[in-house]
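This briefing goes through a protein model, starting with one residue and moving on to the contact between chains. Have the sequence and the structure in view while reading.

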Protein chains: 2
Amino acid sequence: MRHDPLFEPVKNRTVPFKGSYLTLERLTIILPDRTEAIREIVRVRNAVAILPVEKDGTVHLVRQHRPAIEKTIVEIPAGIVEKNESLAACARRECEEETGYRPRTLKKLITYAHAEGYSTGYITLFAGTNLVKTGGTKLDRTEFVEQVSMPLEKLLRMVRQNKIIDSKTILCTMLYAT
Amino acid sequence: MRHDPLFEPVKNRTVPFKGSYLTLERLTIILPDRTEAIREIVRVRNAVAILPVEKDGTVHLVRQHRPAIEKTIVEIPAGIVEKNESLAACARRECEEETGYRPRTLKKLITYAHAEGYSTGYITLFAGTNLVKTGGTKLDRTEFVEQVSMPLEKLLRMVRQNKIIDSKTILCTMLYAT
């Protein structure tokens, strides 16, 4: 759209906090009525997530602790896209590092903004098939995950029962299975 | 689980930034191998989002600008839960304030963590039916939204084509329509 009356350009940007994982920015934006407003946002790197599915319908997941929500949850493998890494390469890498299975075939599902209200971050979702068991798990020093495998139907049931609570796993499961 | 070996307790918590919308916390956590690690998280208030659906399948949406992703997007009505407000009351209120339609019937779909990696925030999704047109739109001074209505099938098609990019709208549409 050439001139969108709802578009709110950024007039000024300060950085009150720059961490190793996320950067907090304070934006002054120009509203449609030409007045100004402040918006606090976090700048994070984009991520990928992948649902690895065997021919017989078994899916490989991970269980890990998430300090922000103070819960240990079951989710699909995922991770931050490295510099100069393609989304597909990142999906293959994270899948192998977290589950020990490397997908030969990838299908891109969608890219979505996970917290459009205050975060710059996008997650791209893939389904991975033609899995090769390499056993090549490789985790960061501070990363502890446990492998969990189950039938896709069970995962879909857990999604519908709200026993899965992260957006990437719910979305990926529904987009792949329905 | 009484003793989960993956659980990572918080040893220390500092607040490098406290904004009006979000608070940044720096956590020192104890890893399963008893070493320590730092995690940066943002504390935000929980939200609700609602898909209002007419008897004939028309859904009422809003278009608004999202400074964090620098895009104007079409999404379902949503908002922050006020203190002492129930999730259902918040869903009814936000739906009416943003679209001018008040749902007499609510169906809770799921509650999900939208950015489990670094945010405390949960969103609870509802479908709203038996809509009453009150015309009672009411927006904050700095909130500018445009009403958009379309058939549910079109919204579902836009989701599958990745023309809808926010997690709450994609999730709510898929959970309601599939």
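Leaving aside its neighbours within four places in sequence, which residues is B:L125 in contact with? In this predicted model, the partners of B:L125 are B:A49, B:K107, B:K108, B:L109, B:I110, B:Y112, B:K168, B:L171, B:C172 and B:L175.

**Nonpolar cores**

- The largest nonpolar core has 54 residues, and B:L125 is one of those that touch the most other members.
- The others named with B:L125 are A:L51, A:L61, A:L125, B:L51 and B:L61.
- Another core, of 14 residues, lies apart from the largest one and includes A:V44, A:A115, A:Y118 and B:V42.
- In soluble globular proteins, nonpolar side chains tend to be buried together.

**Size of the interface**

- Chain A gives 66 residues to the contact, and chain B gives 66 residues.
- About 6,000 Å² is buried between chain A and chain B, with carbon and sulfur atoms giving 60% of that area.

**Polar and charged pairs**

- Between chain A and chain B there are 4 salt bridges.
- A salt bridge joins B:D4 to A:R63, with the closest N and O atoms 2.7 Å apart.

**The side of chain A that touches chain B**

- Strands that give two or more residues to this side are β1 (10-18), β2 (23-30), β3 (36-43), β5 (58-66), β6 (71-75) and β8 (101-113) of chain A.
- The helices α2 (152-160) and α3 (167-177) of chain A also give two or more residues each.
- By class, this side has 33 nonpolar, 15 polar and 18 charged residues.

Technical notes: Residues are numbered from 1 along each chain as its sequence is written. Chains are lettered from A and ligands numbered from 1 in the order in which they are written. This is a predicted model: local features need pLDDT of at least 70, side-chain atom pairs count only at pLDDT 80 or more; totals for chains, interfaces and linings use all residues. Side-chain values use heavy atoms; hydrogens and water are left out. Contact means heavy atoms within 4.5 Å. Buried area is the accessible area (1.4 Å probe) that two parts lose on being put together, summed over both. A salt bridge is a side-chain nitrogen of Lys or Arg within 4 Å of a carboxyl oxygen of Asp or Glu. Helices (H or I, at least four residues) and strands (E, at least two) are DSSP runs, numbered from the N terminus. Ala, Val, Leu, Ile, Met, Phe, Trp, Tyr, Cys and Pro count as nonpolar, Asp, Glu, Lys and Arg as charged, and the others, Gly among them, as polar. A nonpolar core is a set of buried Ala, Val, Leu, Ile, Met, Phe, Trp, Tyr and Cys residues joined through side-chain atoms within 4.5 Å. Buried means under 20% relative accessible area, exposed over 50%, partly exposed in between (1.4 Å probe, protein chains only).
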